[in-house]
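Thanks for asking me to look this one over.

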Amino acid sequence: MDQLRALRIFEQAARQGSFVGAARELDLSAVAVTRAVADLEAHLGARLFNRSTRRLALTEVGESYLNRARLVLHELAQADAMAQSASTTAVGCVRLRCTPSFAARLLAPALPVFLARHPGLTLEVSGDAPAGSAEADCDVTIVTSWTGDLSGDYVARHLASSYFIFCAAPDYLDRHGLPQTPEALTGHALLLHSVAVQWRELDLLRLRPRPGEAELCTIPMPSARLVTHQLELLYAAALAGQGITAIPSFVAAEALRDGRLRQVLPDWSAARLDFYAAYPSRQHLPMRTRVFIDFLLETLGGHEQDRWLPPA
């Protein structure tokens, strides 16, 4: 027995005072309505209606059961309305997981525009997820990739690309000189991301290759004075004059513009970092998630070109 269907039929029969009236309202046959009520009574082991040739009358048990049944049906209608509204109206809390650098440098400056545009939304931001994974307890996870390839049980939209570029404080370069070739990096104090130092060799990509120029330069992995996965620590150490670092262009951009950092080997990059907005499924995507992803694409461009790369 479909008890929820039977409850709806029972409630309508009580409202109309007849099985025929309930059948007409529900677009069912009178036989189907009669059978559903009989099945419900058999399930309960109690009579809900006293039947006469003219009208149905609720029993005492039926009266009590109807009051509770209407509460259940009302709560279900409210739940349906809430779920349907979530798919068509941008309300509620968007749960985002991303790296601190992404949150501070890319999300925070754009956040006032997003929240002003969608006053019914709030944002809950938590720390970065394991590399290449999308967290099931979040609406959106900002996934990063060093290779441009993703694998996982989630949907991903490309948001932006940022090259790891070499930078150092002017004070450091005044004291130790400016390297002119990738090979010259081995003679400097280096501040490197922990992913890079896992490799036996460092592959440098030419940022703006010209005809006849090699696009890749491979050097033995140089020793590093500082190794960390925290981009903000690499940035701060470089600002403090501790050495040459390779950090994403979006992290270095402001300090390069105001002169606190200088780009080193401007034709070369240590790697490319790709950002993706990942979410569990395309089906029944809540409107809050949809508008947030659309806003990220609008803000960051969704292109493979590096928008933060200093001009040549």
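1. A term to begin with: a cavity here is a set of grid points where a 1.4 Å probe fits but cannot get out. Please keep in mind that this is a predicted model. With that definition, the structure holds three cavities of 30 Å³ or more.

2. The largest cavity has a volume of about 40 Å³. You will find Phe164, Leu192, His193, Ala196, Leu202, Ala246 and Ala270 along its lining. Sorted by class, that lining has six nonpolar residues, one polar residue and no charged ones.

3. On to the rings: eight aromatic pairs turn up across the whole structure. Take Phe114 and Phe295, whose ring centres are 5.1 Å apart; their planes meet at 45°, so this pair is tilted. The two residues come from distant parts of the chain, 181 residues apart, with Phe114 in helix 6 (residues 111–117) and Phe295 in helix 10 (residues 287–300).

4. Are the two partners of that pair buried or exposed? Phe114 has 0% relative accessibility and therefore counts as buried. Phe295, at 5%, counts as buried because the cut-off is under 20%.

5. Another spot for your viewer is an aromatic cluster made up of Phe10, Phe19, Phe49 and Tyr65.

6. Finally, have a look at Arg105 and Tyr235. The charged end of Arg105 sits over the ring of Tyr235, at 4.4 Å from the ring centre.

Terms used:
Residues are numbered from 1 along each chain as its sequence is written. This is a predicted model: local features need pLDDT of at least 70, side-chain atom pairs count only at pLDDT 80 or more; totals for chains, interfaces and linings use all residues. Side-chain values use heavy atoms; hydrogens and water are left out. On a 1 Å grid over the protein atoms alone, a cavity is a set of points where a 1.4 Å probe fits but cannot get out, and a pocket is an open set with protein on both sides within 12 Å along at least five of seven lines; lining residues have an atom within 4 Å of a point. Grid points are joined across faces, edges and corners, and a volume is the space filled by probe spheres set on the points. Ala, Val, Leu, Ile, Met, Phe, Trp, Tyr, Cys and Pro count as nonpolar, Asp, Glu, Lys and Arg as charged, and the others, Gly among them, as polar. Rings of Phe, Tyr and Trp (its six-membered ring) pair if their centres lie within 6.5 Å; planes under 30 degrees apart count as stacked, over 60 as edge-to-face and the rest as tilted. Helices (H or I, at least four residues) and strands (E, at least two) are DSSP runs, numbered from the N terminus. Buried means under 20% relative accessible area, exposed over 50%, partly exposed in between (1.4 Å probe, protein chains only). A charge sits over a ring if NZ of Lys or CZ of Arg is within 6 Å of the ring centre and within 35 degrees of the ring normal.
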